[in-house]
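Please examine the protein shown below, following the chain from one end to the other before reading on.

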Amino acid sequence: MATKRKTTRLRGGDVLAIEEYHDGRYGAPGMPRQKRRKPTKEDMQKVNAMNKARLCQYRLIQYFTSGDYFATLTYKVSERPPDMETAKQHFQKFIRYVRKEYKKRESPLFWIRNIERGTKGAWHIHIVITRIQDTARIIEEAWGYGGIYLTQLKKSKYYSEDFAELATYITKGAHTREKKADGSEAAPRIKESSYSTSRNMPLPEPRKKKLSRWPKEVKPKKGYYIARIHEGINPATGYKYRRYTMIRINRRI
């Protein structure tokens with residue numbers, strides 16, 4: 001059958017990230033489909049954004065803790081880069097200094113960042129970075145183009161135990177539209193963006209399993225609780241999908 005489940009074991013199995021979906025090649029019991037149509041450019045943008053956020057979430061779970069840092073590097077008006085390529089060069093200069101200082105202290109460095117240019121011309125860089133004793137001072141010394149706002153992940157308004165909100169926030173781009181209070185979509189606030197991560201953060205290969213039919217409900221595995229469930233329709237295939245995260249009750253950290 002074409003109904004499948006992928007399970008990615010993160011943090012040594014303390015967190016299970018699970019996807020259930022239909023690949024669209026065959027029919028499957030319990031899987032109603034929308035009217036068949038060719039995916040639009042907008043559909044594929046939505047799918048790509050979802051996949052980017054999902055992989056970002058997995059890396060946040062695997063390599064970061066609630067005590068690590070979320071920083072925003074800002075620019076003085078006089079220091080704003082003329083283009084994205086220049087902004088990337090500024091970040092490379094910044095991260096080279098940070099990497100050198102972490103290496104001096106024999107500490108591993110993991111980071112995830114998004115460079116953003118707003119629709120009104122302002123630039124800033126969001127970065128999640130592993131915390132060591134001197135991180136705040138190192139960042140202050142490394143960034144010479146403007147101000148710095150720094151907080152622990154657990155104190156950020158985007159924090160949740162499965163990092164889902166933070167992953168969505170830090171992977172946003174020019175096509176991201178926030179929801180207004182009335183449910184309608186606001187105009188995009190980002191003109192362009194560049195998302196990247198350090199290269200030392202591989203993810204475990206997911207375990208794949210074929211299912212005989214679409215499960216009607218999700219039950220936690222023994223010893224785990226369900227932190228979050230999300231269900232929707234994949235814009236590219238027209239089929240339902242489900243993603244959920246299980247966390248071990250008696251985990252090591």
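The model is a predicted one.

Let us begin with strand β5, which covers residues 123-129. Six of the seven residues in β5 are buried, so the strand is mostly covered. Strand β5 has β3 (residues 69-74) as an antiparallel partner, and six bridges join the two. Within this pairing, Leu73 stands opposite Ile125 of β5. Strand β5 also pairs with β4, again in the antiparallel sense, over seven bridges. Here Asn114 has His126 in β5 as its bridge partner. Strands β4 and β5 form a hairpin with four residues between the strands, and in this hairpin Gly121 takes a positive phi near 100 degrees. As a general point about strands, side chains in a regular strand alternate between the two faces of the sheet.

The next topic is the nonpolar core. The largest nonpolar core holds 25 residues, and those that touch the most other members are Phe94, Val98 and Ile127. Two or more residues of this core come from each of β3, α2, β4, β5 and α3 (135-142). Helix α2 supplies the largest share, seven residues.

We now turn to charged side chains. Side chains of opposite charge can pair when their charged atoms come close. How many salt bridges are counted in this model? The count comes to 15. One of them joins Arg5 and Glu20, whose closest N and O atoms are 2.9 Å apart. This pair links distant parts of the chain, since Arg5 belongs to strand β1 (residues 3-10) and Glu20 to strand β2, 15 residues apart. Glu20 has a relative accessibility of 1% and therefore counts as buried, the limit for this term being under 20%.

A second salt bridge is formed by Arg248 and Asp14, with 2.7 Å between the closest N and O atoms. Arg248 is in strand β10 and Asp14 is in the loop between β1 and β2, so that the pair, 234 residues apart, links distant parts of the chain. Are these two partners buried or partly exposed? Arg248 is partly exposed, because its relative accessible area is 24%, whereas Asp14 is buried because its value is 4%.

Lys172 lies in the loop between α4 and β7 (190-197), while Glu116 lies in strand β4, and the two are 56 residues apart. Lys172 is buried, with a relative accessible area of 11%, and Glu116 is buried as well, with 2%. Elsewhere, salt bridges with shared partners join Glu101, Lys104, Arg105, Asp134, Arg137 and Glu141 into one network.

The backbone also deserves attention. Most residues other than glycine have a negative phi. Glu106 is placed in the loop between α2 (84-104) and β4 (111-118). With 74% relative accessibility, Glu106 counts as exposed, because exposed means over 50%. Phe163 also has a positive phi, of about 65 degrees, and is not a glycine. Phe163 lies in the loop between β6 (148-152) and α4. Is Phe163 buried or exposed? Its relative accessible area is 4%, so Phe163 is buried.

Finally, consider the empty space in the model. Rolling a probe the size of a water molecule over the atoms shows where such space is left. The largest pocket contains about 1400 Å³ of space. It is lined by 40 residues, of which Lys46, Ala49, Met50, Ala53 and Thr168 are the closest to its centre. The elements that each supply at least two lining residues are β2 (15-22), α1 (41-63), α4 (164-170), β9 (224-233) and β10 (240-248). Which element gives the most to this lining? Helix α1 does, with eleven residues. By class, the lining of the largest pocket consists of 16 nonpolar, ten polar and 14 charged residues.

Key: Residues are numbered from 1 along each chain as its sequence is written. This is a predicted model: local features need pLDDT of at least 70, side-chain atom pairs count only at pLDDT 80 or more; totals for chains, interfaces and linings use all residues. Side-chain values use heavy atoms; hydrogens and water are left out. On a 1 Å grid over the protein atoms alone, a cavity is a set of points where a 1.4 Å probe fits but cannot get out, and a pocket is an open set with protein on both sides within 12 Å along at least five of seven lines; lining residues have an atom within 4 Å of a point. Grid points are joined across faces, edges and corners, and a volume is the space filled by probe spheres set on the points. Ala, Val, Leu, Ile, Met, Phe, Trp, Tyr, Cys and Pro count as nonpolar, Asp, Glu, Lys and Arg as charged, and the others, Gly among them, as polar. Buried means under 20% relative accessible area, exposed over 50%, partly exposed in between (1.4 Å probe, protein chains only). Two strands pair if DSSP finds at least two bridges between them. A salt bridge is a side-chain nitrogen of Lys or Arg within 4 Å of a carboxyl oxygen of Asp or Glu. A nonpolar core is a set of buried Ala, Val, Leu, Ile, Met, Phe, Trp, Tyr and Cys residues joined through side-chain atoms within 4.5 Å.
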